[in-house]
Amino acid sequence: MRATWAAWVTSMGVGGFMTYGLFVWTTALYYTHAGILGLLDVSLRYPQSALGRWAKAHKIQDAKLVTGADWFKCLKVVVRNQLTINIPWVCCTSASCTPGRLRACSGGDANVLDVEGKGTTWAATMPSAAQVGKEFLVCALVEELLFYSSHRLFHWGPLYKRFHKIHHEFTAPIGLAATYAHPLEHTLSNLTPVLLGPALFGMHPLSAFVWITLAITTTIHTHSGYELYGWPTARKHDWHHYAFIYQFGVSGVVDKWLGTDGGERYRRYVHRYDERVRMVREGKGTPEEADRADDEDEKLK
């Protein structure tokens, strides 16, 4: 793995790896992950199939199906944002990989700079797990604070109607809709919280690679509408799209701290899903019967 990493960085240079390489990788990751989740969404239309039954049992808002027109509309916006916003933003981020910044990050090691001044000698080495973990935590903190504050700001009346309302057209979100947003919101609330950490702190390219990969994967899954074992919970953000309020952050820590987690209403929402799963697994009813067993939250919406 060390040899493969060194070969990638050396052949592309730090700037090339952090622009072209990162864009190609994240784009492929986005559509692969969203595509797999999309197969689950399609299977919901065939509830008698094995995959359809499995998807319905794990879908949080299982009664809402996405139409072909919705998929196409979502795809157009996502592609537009990737081509017109993602590429310039990634190029700006790669500007942090300057010789001076790389020398500072490596403790002034003279071997950091190669003859072309691109810092590939240092970047081609693999950092320790401790370094990757430390830089990951710093970026996670930056993302949590920036996403919470920007997301909550976009829920302010005038900004919501002008910019954020488009994202909430999906009241039962899907993975592909993770970046279905107005260009301004996509820039300030989607990309900036994720990419500002690597840009500000001049992270090692491998740390940035790991962080951005996990951040994108988490964002897509929290929009998936599926609660799957081993993956980040989608309940919080699914509730946000369902109720249009509360759960503004990523991890839920700031929401809990500031009292915007939804309180009792959110707990009833989670209980409704848990009860449906329990009844179905124990053979005590169908998903539809379990939904009807607890409709208090729907009445309060």
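This briefing covers the fold, surface and aromatic contacts of one protein. The model is predicted: local features need pLDDT of at least 70, side-chain atom pairs count only at pLDDT 80 or more, and totals for chains, interfaces and linings use all residues. Residues are numbered from 1 along each chain as its sequence is written, and side-chain values use heavy atoms, with hydrogens and water left out. The protein has 14 helices and zero strands.

**Fold and burial**

- From the N terminus on, the elements run α-α-α-α-α-α-α-α-α-α-α-α-α-α. Helices (H or I, at least four residues) and strands (E, at least two) are DSSP runs, numbered from the N terminus.
- Of the 301 residues in the protein, 51% are buried. Buried means under 20% relative accessible area, exposed over 50%, and partly exposed in between (1.4 Å probe, protein chains only).
- Among contacts (heavy atoms within 4.5 Å) between residues at least 6 apart in sequence, 68% join residues at least 24 apart.

**Surface**

- The protein exposes about 14700 Å², and carbon and sulfur atoms supply 65% of it. Accessible areas come from the Shrake-Rupley method with a 1.4 Å probe; for residues, only the protein chains shown count as cover.
- V138, L200 and F201 make a nonpolar surface patch of about 260 Å². Patch residues have over 30% relative accessible area and no salt bridge; nonpolar side chains (Val, Leu, Ile, Met, Phe, Trp, Tyr) are joined within 5 Å, like charges within 9 Å. A salt bridge is a side-chain nitrogen of Lys or Arg within 4 Å of a carboxyl oxygen of Asp or Glu.
- L200 sits in helix α8 (residues 183–201). L200 is partly exposed, at 49% relative accessible area.

**Aromatic contacts**

- The structure holds eight aromatic pairs. Rings of Phe, Tyr and Trp (its six-membered ring) pair if their centres lie within 6.5 Å; planes under 30 degrees apart count as stacked, over 60 as edge-to-face and the rest as tilted.
- The F136 and W211 rings have centres 5.2 Å apart and planes at 80 degrees, so this pair is edge-to-face. The pair links distant parts of the chain, 75 residues apart: F136 in helix α6 (residues 129–154) and W211 in helix α9 (residues 205–222).
- F136 is partly exposed, at 27% relative accessible area. W211 is buried, at 3%.
- W239 and Y266 also pair edge-to-face, 6.1 Å centre to centre with 65 degrees between the planes. W239 lies in helix α10 (residues 235–243) and Y266 in helix α12 (residues 263–281), 27 residues apart.
- Both W239 and Y266 are buried. With Y242, they form one aromatic cluster.

**Charge over a ring**

- K59 lies over the face of Y226, 4.7 Å from the ring centre. The criterion is NZ of Lys or CZ of Arg within 6 Å of the ring centre and within 35 degrees of the ring normal.
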